[in-house]
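Have the sequence and the 3D view at hand as you read.

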Amino acid sequence: MTQRRFRVLVTDEIDPEGVGILRAHPDIEVVEKPTRPLPEVLQEIGTFDAFIGRSATRVTREFLQAGERLRVIGRAGVGVDNVDLATATELGIAVINAPGGNTVSVAELAFGVLIGLARHVPIAAESMRAGRWERSRLGGIELRGKTMAIVGVGRIGGEMARRARAFGMHVLGYDPYIAPPRFEELGIERVERLNEALERADVLTVHVPLNNETRGMIGAAELSRMGRQAFVLNLARGGVVAEDALADALASGRIAGAAVDAFDTEPLPADSPLRTVPNLILTPHLGASTTDAQRNVAVEACEAVRDALVTGDLSAAMNSSGVGGAATRELRPLLLLADRLGRLGRALVPGALSSLEVRYTGPRENAPRPLLLSALQGALRDVVERRAINLVNAQHVAAERGIETAWAYVEPRGEQGEEIELRLEGGERSIRVGGALLGETHGRIIRIGAFRVDVAPRGVMMVIRNRDVPGVIGRVGTLLGEAGVNIAEYHQARLQIGGEALAAVSVDSRVPPDVVDALCTLSEILEVRQVEME
């Protein structure tokens with residue numbers, strides 16, 4: 001069967017080097033179009049598997065719902081304010097950004113405007129063009145010996161710290177989501193409270209995403225805690241520093257100066273108070289506007305979108321499992337096994353699924369949560385009335401359906417390998433299924449209920465409960481053979497002689513319903529279930 005080509009819509013002037021990565025793959029068709037009004041995009045987005053753009057195109061709920069084939073949204077940049085992340089997650093659409101590509105460009109611009117503030121460069125340049133010589137009025141300050149307070153010690157915050165230390169500045173940071181070793185690595189003094197950072201800062205620079213927690217986090221009350229000689233930099237997202245409060249602080253001399261590169265409304269309105277206050281450097285969202293940064297973010301985003309489409313690698317998705325890059329690739333055999341166990345367990349539980357628990361034993365402490373998502377993906381694959389479920393929306397779909405979830409990590413003992421156990425409940429029945437990873441690449445089903453088995457999770461698996469009497473295996477084999485169904489593996493297990501037994505039978509193709517019915521008519525057979533593992 002011929003592989004269907006993936007169609008990718010690219011807009012908002014993505015760097016050609018990134019687009020070239022997509023074009024180079026034989027299974028990807030790239031359609032490049034300029035930025036257009038949303039109604040025009042809505043007319044055709046339903047024919048694409050992926051979309052890549054920058055901030056100019058708003059990826060709204062309407063956009064996502066119209067994209068019936070969409071699997072991936074690529075954002076060639078850091079921020080995803082223009083993407084309805086909640087709806088994308090609900091619909092199982094991976095959202096991929098490029099968090100590292102513009103890091104250096106933003107940090108360099110930040111220091112450019114900071115030096116401009118410290119030495120009055122914009123005012124001096126303007127006065128010289130006007131024919132004035134105001135050397136005595138435009139004396140500045142050195143950065144050496146001053147304190148920079150960084151709010152948000154991520155990639156860009158880290159680059160700011162490195163440059164600040166090179167200028168001889170003392171650096172302190174506030175970020176409740178970053179562990180102390182990160183501060184130590186960067187030579188940053190860690191403070192527990194934002195207010196302490198504000199009170200000690202000669203330069204305050206913010207590098208946080210815009211969300212409910214960070215919107216307006218630097219407002220009038222926060223600015224009032226700063227010294228009159230302090231500078232404020234916002235090259236992060238518009239809205240993190242309250243614009244009205246900043247304008248008032250500058251107009252009243254509450255702080256010495258500021259630089260803003262990102263705004264609540266872009267383009268900045270002509271009547272914005274920011275345009276008239278003193279000692280404020282305004283730039284039109286230039287943080288990532290270098291040829292280097294645009295090339296870097298395009299390459300990063302396009303590579304991740306290609307991998308997501310062609311190999312199913314969602315490690316770069318910000319709304320996926322939370323384990324990224326190489327870690328997810330290393331987990332792939334385990335994720336595949338968890339998915340197969342989810343399919344198997346769900347097939348053995350009648351009625352609506354009410355809970356699913358994952359228990360992982362092995363050396364990877366980061367494995368349980370993504371394994372839970374993969375198990376949910378397998379368990380819910382054939383029971384949801386929406387587009388295909390994946391690691392992006394598995395938890396959301398489970399919560400929607402009232403399915404309780406849990407995971408646990410168990411440290412291995414001795415030479416014990418990696419094992420996954422699922423416990424599923426539905427209706428009045430619960431079942432445990434387990435699997436093990438052999439040789440770091442090959443998964444095996446090792447437990448179904450109380451029975452120990454050993455069968456590969458491939459093709460179609462039949463699970464047959466029967467009475468432990470002579471001749472069952474032969475009769476089952478004969479019926480399947482007569483129907484043209486080839487048996488790959490047949491594992492029979494029992495708890496005691498003459499009691500109940502269980503067969504895990506791996507076959508090469510799905511067993512027709514009439515053959516399943518014929519198996520069920522055998523007096524020794526108690527139950528037959530089949531599960532598609534591929």
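This is a predicted model: local features need pLDDT of at least 70, side-chain atom pairs count only at pLDDT 80 or more; totals for chains, interfaces and linings use all residues.

Residues are numbered from 1 along each chain as its sequence is written, and side-chain values use heavy atoms, leaving out hydrogens and water.

**Terms**
- Helices (H or I, at least four residues) and strands (E, at least two) are DSSP runs numbered from the N terminus, and two strands pair if DSSP finds at least two bridges between them.
- Contact means heavy atoms within 4.5 Å; angles run from 0 to 180 degrees between N-to-C directions, with axes fitted to C-alpha atoms, for helices over the stretch in contact.

- Five strands make an open sheet, ordered 2-1-3-4-5, with parallel pairing.
- Its edges are strand 2 (28-32) and strand 5 (94-96), each pairing on one side only.
- Strand 4 (residues 72-75) is joined to strand 5 by three bridges, and Gly-74 stands opposite Ile-96 in strand 5.
- Helix 1 (residues 16-23) packs on this sheet, touching strand 1 (6-10), strand 2 and strand 3 (50-53).
- Helix 12 (residues 291-311) also packs here, and its direction makes about 170 degrees with that of strand 4.

**The mixed sheet**
- Six strands form an open sheet in the order 14-13-15-16-17-18, with mixed pairing.
- Strand 14 (404-410) and strand 18 (451-455) are the edge strands.
- Nine bridges link strand 15 (residues 418-426) and strand 16 (residues 429-438) in the antiparallel sense; Leu-422 stands opposite Val-433 in strand 16.
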